[in-house]
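I opened this structure today and kept short notes. Here they are, in the order I made them.

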Amino acid sequence: MMRPMKLAGSQLLFGEGCLEHIRTLAYKRVTIVLGGSSMHKSGMLDKVKRLFEESGAVVSIIEGVEPDPTFATVLRGAKEMQAAEPDLIVALGGGSVMDAAKTMWIYYENPQLQNLEDVLPPNPFPQLRTKAHFCCIPSTAGTASEVSRSVVISDNETGMKHGIGNMEMMPDIAICDPVVTVSMPPRITAETGMDALTHAVEALVSTRANYIGDVLATQAALDIIEYLPQAYENGQDLSVREKMLNASMAAGIAFTNVSLGIVHSMAHTLGGFFHVPHGLGDAMLLPYVIRFNSQDERAEKIYNDLARKAGGENLADMIAGLNEQLHIPVCFREIIEDEEKYNSLLDEMAKAAMEDGCTKTNPVIPALGQFVELFKKAYKGE
């Protein structure tokens, strides 16, 4: 039986100039959550803050969200929100900022919760929107957290990543203005863009795939294959940045409704064990997983159809070629030097990937031994 779909929150805006919509929002106290210094340096924080002030809001700032945000950061932000009492929380940044801000929102609305485990299954998901609405202004074209029901937060002690998903976390407002993404350096453009492509490809072969998801994911994949190299080469081209941001958003709407697959299961695992950046992990794993999944006739046909639409024949080879254009390594040996440690953790990584929530909608569910072999192949480049 099909699950109900939710195509973003109450307000979804995209295209150059849509930041101006902020002036029309009627909130009294706004808290903006940031990562490092990029939004300061680009002038984007000042612009967004000014637009909210022009709307009549008092603005407070929470800074310092790290890549792969930890639960400690979430609790710190929630406590700062308790003092500021916002009626709108705004995440201005990439996937880490959006994920952290969403999770801060949970603990701001529910101060009785103190542990990450409190929001993990089988515990019931807490209620939101009794104090604040939530808005995302993405600075990267990749994670699509602005239209996603999911977050990934790292455990403070173990470093392992925990994925949390619930439609309650779908942002109320998403403002996708390409001008915010212009400051992305080429490496981040490449890695986040390949994350978006992985969303689209995995959504297409998901066992929950459906007509609407396919329409969104197919066009997103075709646009990313065409425009990501251009965004990588010339990040100042606003028209290309807009196409990438729109494609990322469309892929995000698709996957948040139909789920993902083992590229994400394995990338989450490698991020937890070896701190491999998520988009980079996705990009490197995608060709290996396409070849593995092609043993399923339905998945193989979807891959072949997409390759033909994109002007090629073999999707895994096309994506490997795209990675080469973007200077993304072929195998994990190039970025994880300690092969002995990697091999010693293969069984643990296979178990973690097997238990990841994305595995259950992959077209082929690997056995533990197959996960081990996939991790080996991705390490050696076989």
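I call a residue buried when its relative accessible area is under 20%, exposed when over 50%, and partly exposed in between (1.4 Å probe, protein chains only). The model is predicted, so I kept to local features with pLDDT of at least 70 and side-chain atom pairs at pLDDT 80 or more, while totals for chains, interfaces and linings use all residues. Residues are numbered from 1 along each chain as its sequence is written, and side-chain values use heavy atoms, without hydrogens and water.

**Entry: α3**

I looked up helix α3, residues 71-84. Helices here are DSSP runs (H or I, at least four residues), strands are E runs of at least two, and both are numbered from the N terminus. I found F71, T73, V74, L75, G77, A78 and M81 buried in α3. They pack against strands β2, β3, β4 and β6 and helix α4, where contact means heavy atoms within 4.5 Å. After α3 comes E85, with a positive phi near 50°.

**Entry: T192**

Next I went to T192 in helix α5 (residues 186-205). Is T192 buried or exposed? T192 counts as buried because its relative accessibility is 12%. Its side chain reaches the backbone oxygen of I188 at 2.6 Å. Leaving out residues up to four places away in sequence, I noted that T192 touches T140, A141, G142 and M184.

Notes. The expected span of a helix is 1.5 Å times one less than its number of residues. A polar contact is a pair of N or O atoms within 3.5 Å; within protein, one must be able to donate a hydrogen and the other to accept it, and residues adjacent in sequence count only if both atoms are side-chain atoms.
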